[in-house]
Amino acid sequence: MLFTKPLRWVIGSVEFTAEGGFPERFLSLMGNSGISTQSMSPTPLGLRASVRPGLYHKLRPIARKSGMRMRICGRRGLPFLIYRYHRRTGLLAGMLLLSVMLIVMHFFVWQVNIAGYDTLEEERVIDCLADLGVKRGAFIPSIDPIAVERGLLLNLPELSWAGVNILGSTIDVHLKERIIPPVLVDKKGAANVVSGGTGIVREMEVYEGQPLVELGEAVWDGRLLVAGIFDANQRMVVSYARAKIIAEIEDTLTVEVPYEQRVERATGETTDQYFLQFSQRELLLNPWTRLPESAWISRSVLWEPPAAAWLAWLPKVVKQTCEGKEPAVVRYTPDEAKEQALVLLEGREKVEFAEFGYIERTLSGEAGRDGYLLTASYRRLQDVAVTQEILINQ
């Protein structure tokens, strides 16, 4: 029953009515001739039924013998649809081509879903899958899920398990990261924790050893903070001291910006290139264009396919603008150099003070003969604990 209606539509059917005469004789002669009908039902004047297109003309002689009049009520199915549009060969060819494309597209990957990673970079996983042949546009029969799983585990040591499932034109990749045990400190021997800076202790976390300083106490460079060899209950203990000592320290940063700098500026010459961008490749549409020898490059997407899985194989249209540049000498005023120095200083702060930031900052600048010198003084927090091994004679 599931395939009966689609099959009838492909074969086609002619629906008719037969009225008057002797319906019983009509049905008897039709059965003797081996003609089968579908959806037969009685009407006030006769009966209504449907047959295959090739059998309808055989019913005419039977109807005349039975004294019945036949009339066609409707024609349904693929043969009549083709006949209706038989003059429009382009439409039929397009439908055929679309059907072939839909069938062929099921043999290619249109979407890759990745789940189960936290610390791994997504780009690494995508690149690894691409090297193993799992990417958009890949030929599905050429993908071996077991080989892909083994390749992921070999190329990404952070993984403990990987699963690859092919669902139609979608590939689901499930990952599980390895639980990396903490790094164990080699405790062979002994070590002290000394200060690597000068300041006031604000936070302390002693993991092993005997602390020799307290919160609010001043420390200086080289001072012993946590002892690795100490007495406990009239017994000498030898340990590998470990601690985290956060101290408030004073620090400075200096940035100097010269007034005269060599930079690159635009020449005003621009050239546009257009690409068809597929999943892994690009096709240049105007290779005859001449590009500047030195240029800035910017890209923009002019058109991209709709977010439908069956249209994912279509390429994007990308415009690339190349703007020429040339070396030049630029001279800044002291105010402009000051602004530039402040930007450079804030960039260094983000890198060097990334963990704790700073508590207070004082700026001072000096406009010299050749450039502007910006000096920043800070009160900030820093981990001053430095492990210093103790050499013990064996």
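This is a predicted model: local features need pLDDT of at least 70, side-chain atom pairs count only at pLDDT 80 or more; totals for chains, interfaces and linings use all residues.
Close-up 1. With a relative accessibility of 45%, Val 10 counts as partly exposed. Together with Leu 7, Trp 9 and Ile 11, Val 10 forms a nonpolar patch on the surface, and the accessible area of these residues together comes to about 380 Å².

Close-up 2. Arg 69 is placed in strand β4, residues 69–76, and counts as exposed because its relative accessibility is 59%. Leaving aside residues up to four places away in sequence, Arg 69 touches Thr 17, Ala 18 and Glu 19. The C-alpha atom of Arg 69 is separated by 6.5 Å from that of Gly 20, although these two residues are 49 residues apart along the chain.

**Close-up 3. The salt bridge between Glu 15 and Arg 48.** The side chains of Glu 15 and Arg 48 meet in a salt bridge, with 2.7 Å from N to O. This pair links distant parts of the chain, since Glu 15 sits in strand β1 (residues 13–19) and Arg 48 in strand β3 (residues 46–51), 33 residues apart. Glu 15 counts as buried at 17% relative accessibility, whereas Arg 48 is partly exposed, with a relative accessible area of 30%.

**Close-up 4. Asp 272, its salt bridge with Lys 319, and the buried Asn 286****.** Lys 319 forms a salt bridge with Asp 272, in which the closest N and O atoms are 3.8 Å apart. Lys 319 lies in strand β19 (residues 316–331) and Asp 272 in strand β16 (residues 260–277), so the pair ties together parts that are 47 residues apart in sequence. Asp 272 is also touched by Asn 286, whose contacts include Gln 273 and Tyr 274 as well. Asn 286 is found in the loop between β17 (282–284) and β18 (295–303), and its side chain reaches the backbone nitrogen of Tyr 274 at 3.1 Å. At 8% relative accessibility, Asn 286 counts as buried.

**Close-up 5. The salt bridge between Arg 379 and Glu 360, and the network to which it belongs****.** In the salt bridge of Arg 379 with Glu 360, the closest N and O atoms are 2.9 Å apart. Arg 379 lies in strand β21 (residues 371–383) and Glu 360 in strand β20 (residues 360–367), so the pair ties together parts that are 19 residues apart in sequence.

Note on methods. Residues are numbered from 1 along each chain as its sequence is written. Side-chain values use heavy atoms; hydrogens and water are left out. Patches are made of residues with over 30% relative accessible area and no salt bridge: like charges are joined within 9 Å, nonpolar side chains (Val, Leu, Ile, Met, Phe, Trp, Tyr) within 5 Å. Accessible areas come from the Shrake-Rupley method with a 1.4 Å probe; for residues, only the protein chains shown count as cover. A salt bridge is a side-chain nitrogen of Lys or Arg within 4 Å of a carboxyl oxygen of Asp or Glu. Buried means under 20% relative accessible area, exposed over 50%, partly exposed in between (1.4 Å probe, protein chains only). Helices (H or I, at least four residues) and strands (E, at least two) are DSSP runs, numbered from the N terminus. A polar contact is a pair of N or O atoms within 3.5 Å; within protein, one must be able to donate a hydrogen and the other to accept it, and residues adjacent in sequence count only if both atoms are side-chain atoms. Contact means heavy atoms within 4.5 Å.
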